[in-house]
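Here are a few exercises to work through with the model open beside you. Try each task before you read its solution.

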Amino acid sequence: MTALTRFLRFVLAACSGWLVFFSYEPHGHWFSAIVGISVFYLALMPWQRWPGTDRPSAAFGGLLGFTQAAFCYLYLLPWIGEFVGAMPYVALSIFLALYGIAIGVFGVIVARWRFGFLAFALIYLAVEFCRSSFPFGGFSWVRLAWGQINGPLAALAPWGGPALISIAVALAGAGLIVAILQRGTQRWAGLVAAVLPLGLGTVAQIGVNNPASTVGEATVAAVQGNVPRMGLDFNAQRRAVLANHVNETLALRDDLRAQNMDVDAVFWPENSSDVNPFTDSEARALIDVAVRGIDAPLLVGTLTRDDVGSRNTMVVFDPKDGPGEYHHKRFLQPFGEYMPMRDFFRRFSDMVDLAGDFKPGDGNGVVHLGNIAVGVATCYEVAEDEAYRMAIRNGAQLLSTPTNNATFGFTGMTYQQLAMSRMRALETDRAVVVVATSGVSAIVHPDGSVSQQTEIFTADHLVEKLPLRDSVTPAVRFGKILEWLLVAAGIMLMAVAGVSARTRAHGYAAPRNK
C-alpha cells in the first residue's frame with residue numbers, strides 16, 4: 001500500500017465510527033450506522049481498480065478496526081466522565097475499541113473472499129458478543145442494535161433480539177458497498193444482502209404489538225421527583241430526593257382526584273429513597289405518607305443490606321400490607337456498582353474507591369403490584385438480554401425500567417437508555433414504564449413507541465392505561481440459542497480466515513485478486 005492509500009483508509013475508518021455514533025440517541029439517525037459499516041468495509045476491502053491492486057495487510061486492518069471503534073465510543077460515552085472525569089471515560093472507550101482490532105484483522109482477510117461480506121457480518125456479531133460479555137460481564141451498552149430503534153430493523157427484535165439486529169446492520173452495510181463497487185454475481189449478492197434485512201424488518205412489523213395477546217389493562221403512573229442540584233450535603237441530598245418523590249406523588253394524587261381517576265400501580269425510580277426505609281424510621285414514614293395518599297401499590301427504589309451485603313433494591317409498598325416483594329438488582333455495573341479486582345486497580349488510581357460494593361440478587365425479575373406481574377430491570381440491567389427475558393418467562397405482564405441518571409446531567413445517557421427500553425418493549429411484546437429520578441421518564445408501548453415522556457431535571461408524573469400481555473416472543477424463547485449459533489458461526493469463520501491467511505503467507509496458495 002502507498003502512504004496515500006493508508007491515509008485514505010484510516011480516514012474512512014474514522015468516519016465510519018463517527019457515522020455509527022450518529023445512529024444512537026439522542027441523534028437517532030438509524031441509517032447512518034448502515035452507511036458507517038459500508039464505509040468501514042470499504043476501508044478493509046482490496047481496491048482492485050487502484051494502481052497495483054491495493055490490499056491492506058491484516059495488521060493494518062487491526063489498526064483500522066481499532067480506529068473505527070475508538071472514534072465511535074469516544075463520541076458515544078462522554079456521559080461516563082460526568083461523574084469520574086475524562087480519564088476513566090477515555091480509558092473505557094480505548095479498552096472497548098481494542099475488540100475492534102479483531103474485526104479489522106479478520107475483516108481484511110474475508111474482504112478478499114468472493115462473498116466475504118457475508119462472513120464479515122457474522123464476525124462482527126461474534127466480536128460484539130465478546131465485547132458485551134467479557135471481562136466482568138462485558139459492556140453491552142455499545143451494541144450496534146441500539147441505534148436502530150427508529151428504523152425498520154428494530155422490528156426484528158421480537159424474532160431474535162439485539163443480536164439479530166446487529167448482524168442485520170453489519171450485513172446491510174457491507175452488502176451495500178459491495179453492490180456499489182463490484183460487478184456481476186458479487187454485485188447482485190451484495191444488493192440482496194443490503195436490501196433483504198430492510199425488507200425483512202419491514203415485513204416483521206406486521207407481527208409487532210399483537211392485541212390478541214392482551215389479557216387485561218392497568219392504569220399506571222410514573223413519578224419523577226427530580227433531584228436538588230446544589231447546596232446540600234450528601235445526607236441532606238438523599239433525604240431531599242425522597243421528599244421530592246413524596247411531594248410529586250401527592251401532586252399525582254391531587255390530579256387523579258380532580259379527574260375522578262384511580263391508578264392500579266405507581267412506579268418510583270431507582271434510588272428514589274437512598275435512605276433505607278427498613279433502618280430509618282423517618283424515611284419509612286415519608287414513604288407511608290405517599291402510599292396512603294395514592295392508595296395504590298408503589299414500587300420504590302432504595303438501598304438495603306442483608307447478610308450477603310449491600311443491595312440495590314426495588315421494593316413494593318402496599319397501602320394495606322406494607323412492604324412486600326422486592327427485586328435485588330442482578331446485573332451490576334462493573335467499576336460503578338462494584339469494583340472487580342479493587343486492590344489491583346487501586347495501584348493505578350484511588351478513584352476505584354468511588355465504585356460501590358453492591359452484591360447481585362438472585363430473584364426471578366418479577367414483583368407483583370397488586371395483581372399485576374411486573375418485570376423489573378433496574379437501570380443498567382436493561383442492556384442485558386436475560387433481565388427481561390427471564391422476567392417474561394416468569395410471568396411478567398408489564399415491564400419497568402427504574403433508573404437514576406441524575407449523575408450524568410444533560411448528556412445523551414438517558415436517551416440512549418430509553419432507546420434500550422423501547423427495543424425491549426418490541427422484543428418482549430410488553431409495555432414498559434421508564435421512570436427516572438431526574439428524567440427522562442417515559443411510557444413505552446409494545447410497538448416501541450413513546451406516548452409520553454418528561455423533561456430532564458423537572459418534577460413530573462405520567463399516567464396511562466397500558467395493556468397486560470402473556471405472549472412469549474421467539475426472541476424470549478429462542479433468542480439466546482440463536483445468538484450462540486450465529487456467534488459460533490462467526491468464530492468458526494475467524495478460524496477459517498486465520499488458517500487461510502497463514503496458508504497463503506507460507507506460499508501454499510496464490511492470493512486471489514478477484
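**Exercise 1. A pocket**

How much space lies in the second largest pocket? Work out what lines it, too.

Solution. Some ground rules come before the steps. This is a predicted model, where local features need pLDDT of at least 70, side-chain atom pairs count only at pLDDT 80 or more, and totals for chains, interfaces and linings use all residues. Residues are numbered from 1 along each chain as its sequence is written, and side-chain values use heavy atoms, leaving out hydrogens and water.

- Step 1: On a 1 Å grid over the protein atoms alone, a pocket is an open set of points with protein on both sides within 12 Å along at least five of seven lines, whereas a cavity is a set where a 1.4 Å probe fits but cannot get out; lining residues have an atom within 4 Å of a point. Points are joined across faces, edges and corners, and the volume is the space filled by probe spheres set on them.
- Step 2: read off the volume. The second largest pocket holds about 490 Å³.
- Step 3: go to its centre. The lining counts 22 residues, and Ser132, Ser133, Gly137, Phe331 and Glu384 are the closest to the centre.
- Step 4: find the helices. Both α12 (385–393) and α14 (474–505) supply at least two lining residues each; helices here are DSSP runs of H or I with at least four residues, strands are E runs of at least two, and numbering starts from the N terminus.
- Step 5: sort by class. You get 9 nonpolar, 5 polar and 8 charged residues, with Ala, Val, Leu, Ile, Met, Phe, Trp, Tyr, Cys and Pro as nonpolar, Asp, Glu, Lys and Arg as charged, and the others, Gly among them, as polar.

**Exercise 2. A cavity**

Which residues line the second largest cavity?

Solution. 

- Step 1: list the lining. Tyr24, Glu25, Leu76, Trp141, Trp146, Gly147, Gln416, Ala419 and Met420 line this cavity.
- Step 2: name the main contributor. Helix α13 (residues 413–428) gives the most, with 3 residues.
- Step 3: classify. The lining splits into 6 nonpolar, 2 polar and 1 charged residues.

**Exercise 3. Around Phe134**

What kind of aromatic pair do Phe129 and Phe134 form? Then follow the chain onward.

Solution. 

- Step 1: apply the rule. Rings of Phe, Tyr and Trp (its six-membered ring) pair if their centres lie within 6.5 Å; planes under 30 degrees apart count as stacked, over 60 as edge-to-face and the rest as tilted.
- Step 2: Phe129 and Phe134 are edge-to-face, at 6.4 Å centre to centre and 75° between the planes.
- Step 3: move along. From Phe134 to Pro135 the peptide bond is cis, with omega near -15°, and Pro135 sits in the loop between α6 (116–131) and α7 (157–181).
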